[in-house]
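Work through the exercises below with the sequence and the coordinates at hand. Each task is followed by its solution.

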Amino acid sequence: MNRAYQEAYRKLGLNIAYYRRDRGLTQMQLAELLDVDRSHVSAVELAATAPSLDLIFRLCEVLQIAPKELFDFRG
């Protein structure tokens, strides 16, 4: 993960967590829907790791949002 983009990864993680909670999902439930480990969902939400494009697209399908919504960084 490129450190120059750390703030963008943090905001992306916050957006993922926001939409996950808005859908009433736990990290475990989202992980099961994405077929990944819960620790990976946590790491993405905490900006400890960068999500792949495949994961971004699966997240959007599961959360029923457009990719642009994940990248709409508010402040």
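Buried means under 20% relative accessible area, and exposed means over 50%. The model is predicted.

**Exercise 1.** List the buried residues of helix α2 (residues 27–34) and state how they are placed around the axis.

*Solution.* Step 1: applying the cut-off of under 20% to α2 leaves Gln27, Leu30, Ala31 and Leu34 as its buried residues. Step 2: these residues cover an arc of only 100° around the axis, so they lie on the same side of α2. Step 3: on the other side of α2, Glu32 and Leu33 are exposed.

**Exercise 2.** Decide whether the radius of gyration of the chain agrees or disagrees with that of a compact globule.

*Solution.* Step 1: the chain holds five helices and zero strands, in the order α-α-α-α-α along the sequence. Step 2: a compact globule of 75 residues would have a radius of gyration near 11 Å; the chain has 11 Å, so the two agree. Step 3: the C-alpha atoms fill a box of roughly 30 × 20 × 20 Å along the principal axes. Step 4: of the contacts between residues at least 6 apart in sequence, 62% join residues at least 24 apart.

**Exercise 3.** State what share of the chain is buried and what share of its accessible surface belongs to carbon and sulfur atoms.

*Solution.* Step 1: buried residues are 36% of the 75 residues. Step 2: the accessible surface is about 4700 Å², and 51% of this belongs to carbon and sulfur atoms.

Key:
Residues are numbered from 1 along each chain as its sequence is written. This is a predicted model: local features need pLDDT of at least 70, side-chain atom pairs count only at pLDDT 80 or more; totals for chains, interfaces and linings use all residues. Side-chain values use heavy atoms; hydrogens and water are left out. Buried means under 20% relative accessible area, exposed over 50%, partly exposed in between (1.4 Å probe, protein chains only). Helices (H or I, at least four residues) and strands (E, at least two) are DSSP runs, numbered from the N terminus. The arc is that of the directions from the helix axis to the C-beta atoms. The radius of gyration is taken over C-alpha atoms; the globule rule is 2.2 Å times the number of residues to the power 0.38. Contact means heavy atoms within 4.5 Å. Accessible areas come from the Shrake-Rupley method with a 1.4 Å probe; for residues, only the protein chains shown count as cover.
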